[in-house]
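Here is a short report on one protein chain. Look at the sequence and the fold first, then read on.

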Amino acid sequence: MPRRVDHDARRREIADAVLHLAATEGLESVSLRHVAAEAGISMGRVQHYFRSKDEMLAFAFEHQSRRHEQRIVERLSATGRPPTVRDIVRAVMVEIIPTDEPSRASWLAGIAFFIRAMSEPRMAAVVAAGGPKLVEFFAEQLERARSAGALAPGVDPRREAGILWALVDSQATGIVLGASTPEEAVATVDYHLDRVFTR
């Protein structure tokens with residue numbers, strides 16, 4: 001019988017190759033040929049799954065987002081108890097910060113996508129949607145905490161959501177530039193969350 005091909009798995013393998021190249025070389029010089037070589041398949045096979053470079057890059061960007069979500073769920077499940085709102089917000093923030101090699105590679109790949117978005121409108125639309133979605137997620141979680149009496153007095157969920165994203169961005173940048181360590185960044189996150197949440 002002919003061997004069945006898992007097309008979704010093959011697309012993810014190609015996306016993983018794109019993300020590795022994005023983190024190590026950037027995206028401007030990456031071609032379908034480079035991606036094919038990195039994935040260990042023919043260029044024709046890459047073209048079979050993606051009609052254009054932009055389509056491939058958009059899929060890779062979304063694949064990375066799904067990978068983040070999976071790691072966050074695993075991080076929260078590992079505690080063995082229902083997570084509090086603070087637990088959820090902290091897990092998301094710590095996942096984004098480059099605290100290990102996989103998350104560092106993800107951050108660097110994200111920078112490469114951001115640079116690509118500066119000159120490519122279609123990529124800009126994909127990348128630009130990420131920040132507002134995260135800020136909205138933070139705002140929703142903070143509203144939940146306020147309803148449960150777990151938010152510190154005077155904290156505005158909408159304004160605080162933007163501050164949380166800015167905090168993550170600054171701490172991540174500090175790590176990749178060598179200005180701080182992952183441990184210092186996480187400690188800063190915890191310090192700030194202790195001021196935002198009452199429990």
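## Salt bridges

A salt bridge is a side-chain nitrogen of Lys or Arg within 4 Å of a carboxyl oxygen of Asp or Glu. R71 and E95 make one, with N and O 2.9 Å apart. R71 lies in helix α4 and E95 in helix α5, so the bridge ties together parts 24 residues apart in sequence. Helices here are DSSP runs (H or I, at least four residues), numbered from the N terminus.

The model is predicted: local features need pLDDT of at least 70, side-chain atom pairs count only at pLDDT 80 or more, and totals for chains, interfaces and linings use all residues. Residues are numbered from 1 along each chain as its sequence is written, and side-chain values use heavy atoms, leaving out hydrogens and water.

## Buried or exposed?

Buried means under 20% relative accessible area, exposed over 50%, and partly exposed in between (1.4 Å probe, protein chains only). E95 has a relative accessible area of 1%, so E95 is buried. R71 is partly exposed, at 24%.

The whole structure holds 14 salt bridges. Another joins R116 to D54, at 3.0 Å from N to O. R116 sits in helix α6 and D54 in helix α4, 62 residues apart. Both R116 and D54 are buried.

R158 pairs with E136, and their closest N and O atoms are 2.7 Å apart. R158 is partly exposed at 45%. E136 is partly exposed at 31%.

## A network around E120

D54, R116, E120 and R122 are linked in a network of salt bridges. E120 lies in the loop between α6 (101–117) and α7. Its relative accessibility is 14%, so E120 counts as buried. A polar atom of the E120 side chain also lies 3.1 Å from the backbone nitrogen of R122.

## Nonpolar cores

A nonpolar core is a set of buried Ala, Val, Leu, Ile, Met, Phe, Trp, Tyr and Cys residues joined through side-chain atoms within 4.5 Å. The largest one has 32 residues, and V89, M93, F138 and F197 touch the most other members. The elements giving it two or more residues are α4 (53–77), α5 (85–96), α7, α8 (157–176) and α9 (182–196). Another core, of 27 residues, lies apart from it and includes I14, A36, V46 and A117.

## On the outside

A125 is found in helix α7 (residues 121–147). With a relative accessible area of 53%, A125 is exposed.

Definitions and conventions:
A polar contact is a pair of N or O atoms within 3.5 Å; within protein, one must be able to donate a hydrogen and the other to accept it, and residues adjacent in sequence count only if both atoms are side-chain atoms.
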